[in-house]
Amino acid sequence: MFGNIRFFAFVLLIIGCPSLLYSYGDPPDPSTLDGKLLWDYRGGSEISGYHVAPDFKSLKDSNIDGVFLHRPLMGLNGPGRNNDLLTGVIAQAEAHQRVFAIEYDISDTVKTGRDITDWLTTVKQDWRILIENGLTDNPHYLRHNGKAVVVISGFGLVGKPGTPAEAADILDFFKHDPIYGDNYVIGEVPSGWWNLSGDSKSDGDWYNVYRSWDAIKPLLTGGFSREGYKAWKQSQIHPGIEEARLWGMDFLPVIWSRTGSPIAGKTSLKEPDEATYFRDQLSELRKVGISMASVAIFDERALTMRATNLTIDLGSSDITNGLTRPSPEPSDGNTNSITKGNRLCRRNHQIANHHYLYLRVNDTAAYQESGVNASITMEYFDQGVGYFRLEYDAVSSAYKNGVTVSLTGSGTWKSFTWYVNDAYFGNRQNKGSDFRIFRSDNKRFWIDKVTLSLP
Ligand SMILES: [Ca+2]
Ligand SMILES: [Ca+2]
């Protein structure tokens, strides 16, 4: 029955706690949604196939904290793939220290022809069984404000089942049932939820239903083009934010990938464009102070596109991919090529005068960002004493200091990664550079490869 349905996936990504946006492999704290990236996993994709738990190692490597596991309503009453998938997700979450939460999608009922009474009962019964089996006691089950997180998707959409009374009924169950309630409930609702327009049913009773959730997550996927996201922000995000704040709800807008998108008229982008597209959307959200967002992707290939790696392999002629040395180099940062420890690299030319390696970030990858997360990895020869320090063009300063990394004199090649959450990269350093690496104490440095990772 699923042969002609194209499954897709969402990533939920919380911004506004920039330092937490990318955890870089640290185990996520399961007690809060803040700062998390969660893949709203729809049970399969063109890559993994249906009812296969996603590879959580790749989620971890992509700095995604876990999944919202979509639980299709069909089959909930019996054994089968739903529980196989859940079992797989739990095992993967435990193996790779990720989190998960359940998402019910009531629009499934259109596909299955189930009647309304049945699915209301079905969802409640499923949740009771899950609770009684200790699901939310699992240390990897996501919580927020002390409550287990549940997503209910699809209420209020034109052409989908469900009345305002039924929505209120199930929300009441998840929030107020004396045994199975007291959950943090996220409503995935029509984009026109705030004014009952467009994709939202217009019945005035939906007004209060939409304002009863703990968090509102409007379905905006496909609602804007790459060129149109700023207008989209004005027309959809601003009023939605204001309305949610007025009612004391958290707000989670969506940004999305076009890779593999089945949405008509939205062609896929090439990889660098895709990553830039993500970043542009995120940047727009940050500018209006949004603290949470969701990201929709349509197949797992898009996961890797969230991160862009720019590299430079230093030598007599550098091998560059998005990072370059300024030419000429600034007067305090002249370098020359040398072979050191069997690697062709660059060192500072005169140790008394040249203390920096300067690098430029390709403007098409990042330029005048509103505080982007970035990691910068340096491969250096560990000789002598003193330290290296990153100095980068940040929102607050063109030469903001990163942490220092001490040399230990081991006589080996090592690497070190800096993590920053407020990069501006506006070409404001000497010779239009975006960051530089400082070597202390008038000492020699040898640096080979530098990698900049952007979301
Ligand atoms: Ca090299
Ligand atoms: Ca630049």
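How many bridges join S21 to S24, and in which sense do the two strands run? Let's walk up to that one.

Before you click, note that this is a predicted model, where local features need pLDDT of at least 70, side-chain atom pairs count only at pLDDT 80 or more, and totals for chains, interfaces and linings use all residues. Residues are numbered from 1 along each chain as its sequence is written, while chains are lettered from A and ligands numbered from 1 in the order in which they are written.

**The whole chain.** Colour by secondary structure and you'll see 10 helices and 25 strands. Both are DSSP runs numbered from the N terminus: helices are H or I with at least four residues, strands are E with at least two. Of the 455 residues, 45% are buried. Buried means 20 or more other C-beta atoms within 10 Å of the residue's own, exposed means 12 or fewer, and partly exposed is in between, with C-beta atoms placed from the backbone.

**Strand S21.** Select residues 387–392. Phe-388, Leu-390 and Tyr-392 form the covered face, and Tyr-387, Arg-389 and Glu-391 the uncovered one. (Strands pair if DSSP finds at least two bridges between them.) Look for Tyr-387, whose bridge partner in S22 is Ser-406. Then bring in S24 for the opening question: 5 bridges join S21 to S24, and the two run antiparallel. Here Tyr-392 stands opposite Phe-435.

**The cores.** A nonpolar core is a set of buried Ala, Val, Leu, Ile, Met, Phe, Trp, Tyr and Cys residues joined through C-beta atoms within 7 Å. The largest has 56 residues; select Val-67, Phe-100, Ala-101, Val-149, Val-150, Ile-152 and Val-185, which touch the most other members. Apart from that core lies another, of 35 residues, and Phe-435 is among them, along with Leu-314, Ala-374 and Ile-447.

Go to Pro-328, in the loop between strand S16 (323–324) and strand S17 (335–340).

Next, pick Asp-182, between helix H6 (164–176) and strand S9 (184–190). Its phi is near 60°, a positive value in a residue other than glycine. Asp-182 is partly exposed, with 13 other C-beta atoms within 10 Å.

Finish at Asn-427, in the loop between strand S23 (413–423) and strand S24 (435–439). Phi of Asn-427 is near 65°, again positive in a non-glycine residue. Asn-427 counts as partly exposed because it has 17 C-beta neighbours inside 10 Å.
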